[in-house]
Amino acid sequence: MAYCILSCDGGGIRGLLPALLIQQLSTDIPSFLGSVSLFAGTSAGGLVSLALASGVSTAKVVSLFQNDGSQIFTPFNASAVSAVDVAKLRASLQERGAGAASESWYEWVIEHFEELLDDLLYVKYNNTGLQALLKSLLPSTPLKQLTNRVLVTTFQLNNSKTGNWAPITISNFPDDPGAATYPIDAALSTSAAPTYFPPYQHPTFGYCADGGVYANNPGCMAIAAALNSGVALSDIVMLSLGTGMNPENVQITPPATDYGPLMWMLPIAYGSTPASPILSILMDGVASADAFICQQLLGSKFQRLQVPLTSAVPLDDYQAVPQLVTAATDYMKTSCWSDAENWVRTTFA
């Protein structure tokens, strides 16, 4: 009997895409969700996976991304920054810029200093809005009491025993130390995207950050967990859902000597370069690498779905929801989608 894994990537508001695809699959193939042996997710995909594993309807999962973006991304109020702090940071930037090889770059930073300051010093959003939404969506029972198997990724920032940080998963597999975790704690741990949300203090694992920093596509972690539980590799089938082929790139002006830490982490878009480009590069890169590995491991028993996007959608751009809905609707009219549904009917069962 096949061991069916439904794997969902991270991607912020673009989590709407896998949610819409799952909703359509559930409509066209009523037995689809009942065939899932393991729900695996990272960040937004972790929210999807935890909700579905908890028995939440696909309609409510879709609504979370489609209608509640403004509450999910509740801006952090950094009004407590003092004038002294501002003056010190301004002086530091001016001093660094005085001897720079590219004067225009530092002049631009100084010009936009007030705009940049809060984003350089603080997280962009509170997690209070997301926490309130998840409290009403997810059950108040620990993962170990769920009927369905679920796994999400997160990154433990400090292990109190070893003193090191470490990538970890939170699941309800037998003997998993995270099995006593409540779904809301697992959800806030897996989705604590660096610079966007504050690290989340998990009751057992301490402060955690978004699992997307090492496994934005959780496919390999899901396979490893299944193998560790005694499942044979030959029995594993995986449907892997991405959060869209997001057309992003980095604008480089030779000789690129101004690409130091600030530019890689610049919190606003600069030309065609997205905000905090290093985060997008890391998350997109590991997702693609993971998909390649899963394909090699599973062959024809692996299916990866990615909705093409005509323009880039940042993970916090909830104003782009209509664009995401249109992209998913158009995708579900293609032969790729028809082929995917046929694969699910014949293989994912």
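Select strand 1 and strand 2 (residues 36-41), which run parallel and are joined by 5 bridges. Strands here are DSSP E runs of at least two residues, helices are H or I runs of at least four, and both are numbered from the N terminus; two strands pair if DSSP finds at least two bridges between them. Within this pair, Leu6 faces Phe39 of strand 2. From strand 1 the chain passes through helix 1 (residues 16-28) to strand 2, a right-handed β-α-β crossover (clockwise from the first strand over the helix to the second, with the strands pointing away from the viewer).

A word on the model: it is predicted, with local features needing pLDDT of at least 70 and side-chain atom pairs 80 or more, while totals for chains, interfaces and linings use all residues. Residues are numbered from 1 along each chain as its sequence is written, and side-chain values use heavy atoms, without hydrogens or water.

Now color strand 1 (residues 3-8) by burial: 6 of its 6 residues are buried, so it is largely enclosed by the rest of the structure (buried is under 20% relative accessible area, exposed over 50%, partly exposed in between, with a 1.4 Å probe and protein chains only). Tyr3, Ile5 and Ser7 point one way, and Cys4, Leu6 and Cys8 the other.

**Stop two: a buried loop residue**

Finish at Ser276, in the loop between helix 12 (261-264) and helix 13. Ser276 counts as buried because its relative accessibility is 5%.
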